[in-house]
Amino acid sequence: MQKQITTGIHGLDTILSGGIPAQSTVIIDGAPGTGKTTLGVQFLYEGIAQKDEAGILITFEEFPDQIYDDMKSSFGWDLMKQEKAGKLRVIGMSPDIFMEQLLEPDGLMEQMIREIECKRIVIDSISLFRYLAKEDSFDERRLLYQLRNILRKFGLVSLLIQERSDLNISHVPDSYFIVDGVIRLNVRAHLDVFRKRTLEVVKMRGTRVIEGEHTYKITDRGLYPMIAAQTVMDYQGAESEKVSTGIQGLDRQLYGGMDRGAVYMLDTNSRANYMPVIGSILSERLRIGDNVLTVLSSTQTIDDLNKLLSHHHIDVEEVVRKQRIHFIEHYRRSVPDGWENSVFYVDQLSNDDYNQFLKNQCYPLLHNGEKEWFVYYDLNTIITERGTDYVLSSFAKEAAFARSLGMTVLVLCNFKEVGEQVASFLERTTNGVFKTWVDGSNQYLQVTKASNGQLSEPYLLESMKEHPFIRLI
Amino acid sequence: MEKKEALPLQMECTMFFQSNPYMIESLAGLENKLGRRKEDLQPILEILVQQGIIRQIGKDSKYLYRYKEPDIITEMTIPDKLESP
């Protein structure tokens, strides 16, 4: 990977996986009031303060003294002091003079770059180049191309500010194709009376970026972007023991895995094949040495589960023999010989009796021994067999009990099927939610709730030939 | 322009360059930025160049003007009361 130049702007360097690649030319595109100039000055100021890298700001329209005053009163950035220290130049000139001087061998620009050993430059704004272009838009493109090459020749990281008057974001300006990166600033209505500002890295050659529109505030320290899809972290999130899902990408997203002693929901639609996810999580638990309690669903027999776990290289016979796996069966279906002691038949039990069964038979079993327990069940089966009211009245209690015993629980549910109200209740009761769905011809997986506050982007699920048979793209 | 009228414009130009020490502009650019006519500005700029307040760069009548830092810069703190000898 190329050397990266930190912008020094909180959040932006994280979005850029460390910073802007060296010698890159990046467009900062935004409508009026989005803070483009502030971002540019902040980039220069933080470059001096944090990295001792000198910078130049070229301003075509705004006067330098206006910028000195604005930046000092709004953010406390004393630009004149940095100029006196030979670390900064705020140069006011017309675009035509700027280009002439850049092209001139040992011209004014070259002299100043050399004089302060400039590493960063901000040009505010390249939109004025359109008045320089003599013939057509091709000439404007040529000018920008020439500018990019000169800035690169001087080894500068350059931010070119571009004003956006066309709010139709489906229109892609020609300039986007010439430069190495594009950062777009947006402002839109929020909660009727507020405005919400967002920052998106549309393009950045040579580094990975966190995709999405990241909300930012203009604070007394400049622009302050917050990473998109990030909610407030649970106080337990960072320190709890992690239970691997067996799926590398998912574990990474969860900072190591599911939290032990937490309740998770896998929300799936009817077209999505969730079995590889379940297979990976259950087999990983058994492989590590945890015990598993599972409620069989109407669509999943004990035989299906046996095949699934065997596919994930688990010797299920052995696990059953050691009483490390138990099944709760709502349908009186046949089980392999020798497995009878591992199955609890609850098909004849009323809801009250089922509750008693959980209290008197299941919970003591889970209390017993030193092994950790992992519980997996299909909530739609419980809803079908015991009714929505039962789930609404018992789920929170069961979840609390599981947490108190340190059990990790994974519940399968189709939020669409159970309705919005029930889904919202379930989502609130759980510590984390994964969602998998099929859209067109692809299946996706997304973490929509997690204790670390990190909501993921929707990942594509790709099949693999080896365990865990899926991976996140 | 009368000589007495030229003085305020001379002050205006001086202040402009002093407040924006890295403003580099042509006559046409200054016309836009200061909102004054070229023909009024030109003689003033010549005076400021002669006085060593600004520099004239370039050739072939495509001159650029920029502030010239004084050779000696003193930052003095003047006390409220004079010290007795």
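User: What does "buried" mean for a residue, by relative accessible area?

Analyst: Buried means under 20% relative accessible area. This is a predicted model, and in it both Phe327(A) and Trp339(A) are buried.

User: How is a pair of aromatic rings described?

Analyst: Two values are used: the distance of the centres and the angle of the planes. Over all chains, this structure holds 13 aromatic pairs. One of them joins Phe327(A) and Trp339(A), with 6.1 Å centre to centre and 15° between the planes; the pair is stacked.

User: Where in chain A do Phe327(A) and Trp339(A) lie?

Analyst: Phe327(A) is in strand β16 (residues 325-329) of chain A, and Trp339(A) is in the loop between β16 and β17 (343-345). The two residues are 12 residues apart, and the pair links distant parts of the chain.

User: Why is the pair of Phe16(B) and Phe17(B) edge-to-face?

Analyst: Planes over 60 degrees apart count as edge-to-face. The planes of Phe16(B) and Phe17(B) are at 80°, so the pair falls in that class; the ring centres are 5.4 Å apart. Phe16(B) has a relative accessible area of 7% and is buried. Phe17(B) is buried too, at 0%.

User: Which residues form one aromatic cluster?

Analyst: The cluster consists of Phe344(A), Tyr354(A), Phe357(A) and Tyr390(A).

User: Which rings have a lysine over them?

Analyst: Phe154(A) has Lys153(A) over its face, at 5.3 Å from the ring centre. The ring of Trp437(A) has the charged end of Lys435(A) over it, 5.3 Å from the centre.

User: At what angle do α2 and α3 of chain B cross?

Analyst: The axes of α2 (residues 27-34) and α3 (residues 38-50) of chain B cross at roughly 110° and come within 10 Å. Angles of 65 to 115 degrees count as roughly perpendicular, so α2(B) is roughly perpendicular to α3(B). The crossing of these two helices is right-handed.

User: Which residues make the contact between α2(B) and α3(B)?

Analyst: From α2(B) come Leu27(B), Ala28(B), Leu30(B), Glu31(B) and Leu34(B). From α3(B) come Lys38(B), Leu41(B), Gln42(B) and Leu45(B).

User: Is Gln101(A) buried or exposed?

Analyst: Gln101(A) has 12% relative accessibility, so Gln101(A) counts as buried. Gln101(A) lies in helix α5 (residues 95-103) of chain A. Neighbours within four places in sequence aside, Gln101(A) is in contact with Gly107(A), Leu108(A), Met109(A) and Leu64(B).

Conventions. Residues numbered from 1 in each chain as written. Chains lettered and ligands numbered in written order. Predicted model: local features only at pLDDT ≥ 70, side-chain atom pairs only at ≥ 80, totals over all residues. Heavy atoms only, no water. Phe/Tyr/Trp six-rings, centres within 6.5 Å; stacked < 30°, edge-to-face > 60°. Helix = DSSP H or I, 4+ residues; strand = E, 2+ residues; numbered from the N terminus. Buried < 20%, exposed > 50% of the residue type's maximum accessible area, 1.4 Å probe, protein only. Lys NZ or Arg CZ within 6 Å of the ring centre and 35° of its normal. Axes fitted to C-alpha atoms, helices over the stretch in contact; angles between N-to-C directions. Parallel < 35°, antiparallel > 145°, perpendicular 65-115°, else oblique. Left-handed = near helix turned anticlockwise from the far one by under 90°. Contact = heavy atoms within 4.5 Å.
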